[in-house]
Amino acid sequence: MINSLRNKYTAELALLLMTIIWGGTFVIVKDSLNSISTMLLLALRFGIASAILFPIIYKKIKTLNRQSFWAGTVLGLILFVAFAAQTIGLKFTTATKSGFLTGTLVVIIPVLQIII
C-alpha cells in the first residue's frame, strides 16, 4: 500500500516537473528570439538534439531500409515546419498564449483524428 502511494506521488511529481520544464521552454525560446533569428535558433535546437541522439541510434541507422529512411525524412520535415511555425508565431505573441495554444492542440488532435 505504501509502495503504491509512493509510486503514485512520484509519478505525479514527475508530471508536474515535466509540465514546469515544458512551460518554461516557451519563455526561454521567446527570450532567445530577442538575440538570434528564428532559423538559427531552430538549427541550434535540432543540431544539439541530433548530436545527443546520434551516438545512441548510430547502429540502427545502418539497418534502415529506403522506405523507412524516406518516411522518417518526411516526418522530420513536417516536424521542422511545425516547430518553425510555432517559433515564428512566438515572435508575435506572448509565451503564455503560445503555450496555451500548443497545450490545447494536445487535446484537440485526438478528437480530430476520430472525426477524420
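Residues are numbered from 1 along each chain as its sequence is written. In this predicted model, local features need pLDDT of at least 70 and side-chain atom pairs count only at pLDDT 80 or more, while totals for chains, interfaces and linings use all residues; side-chain values use heavy atoms, with hydrogens and water left out.

**Stop 1: H1 against H3**

Select helix H1, residues 2–32, and helix H3, residues 66–91. Helices here are DSSP runs (H or I, at least four residues), numbered from the N terminus. The axes of H1 and H3 come within 9 Å and cross at roughly 70°. Axes are lines fitted to C-alpha atoms, for helices over the stretch in contact, with angles from 0 to 180 degrees between N-to-C directions. H1 is therefore roughly perpendicular to H3 (under 35 degrees is roughly parallel, over 145 roughly antiparallel, 65 to 115 roughly perpendicular, the rest oblique). The crossing of H1 and H3 is right-handed; right-handed means that the near helix is turned clockwise from the far one by less than a right angle, left-handed anticlockwise.

Now show side chains. Phe26, Val29 and Lys30 of H1 make the contact with Gln86, Thr87, Leu90 and Lys91 of H3, contact meaning heavy atoms within 4.5 Å. By class, the residues of this H1 and H3 contact divide into 3 nonpolar, 2 polar and 2 charged (Ala, Val, Leu, Ile, Met, Phe, Trp, Tyr, Cys and Pro count as nonpolar, Asp, Glu, Lys and Arg as charged, the others, Gly among them, as polar).

**Stop 2**

Select Ser98, in helix H4 (residues 95–115). Setting aside residues up to four places away in sequence, Ser98 touches Phe26, Gln86, Leu90 and Thr93. Ser98 counts as buried because its relative accessibility is 7% (buried is under 20% relative accessible area, exposed over 50%, partly exposed in between, with a 1.4 Å probe and protein chains only).

Thr96 is also found in H4, but counts as exposed at 65% relative accessibility.

**Stop 3: H2 against H3**

The axes of H2 and H3 come within 10 Å, crossing at roughly 135°, so H2 is oblique to H3. This crossing is right-handed.

On the H2 side, select Thr38, Met39, Leu41, Leu42, Arg45 and Phe46; they meet Phe80, Phe83, Ala84, Thr87, Ile88 and Lys91 in H3. The residues of the H2 and H3 contact divide into 8 nonpolar, 2 polar and 2 charged.

**Stop 4: aromatic rings**

The count of aromatic pairs comes to 5. Rings of Phe, Tyr and Trp (its six-membered ring) pair if their centres lie within 6.5 Å; planes under 30 degrees apart are stacked, over 60 edge-to-face and the rest tilted. Zoom to Phe46 and Phe80: the ring centres are 5.5 Å apart and the planes stand at 70°, so the pair is edge-to-face. Phe46 is partly exposed at 26% relative accessibility, and Phe80 is partly exposed at 28%.

Move to Phe69 and Trp70, whose ring centres are 5.2 Å apart with planes at 80°, so this pair is edge-to-face. Phe69 is partly exposed, with a relative accessible area of 43%, and Trp70 is partly exposed at 48%.

Finally, select Phe46, Phe80 and Phe83 together: they form one aromatic cluster.

Terms used:
Helices (H or I, at least four residues) and strands (E, at least two) are DSSP runs, numbered from the N terminus.
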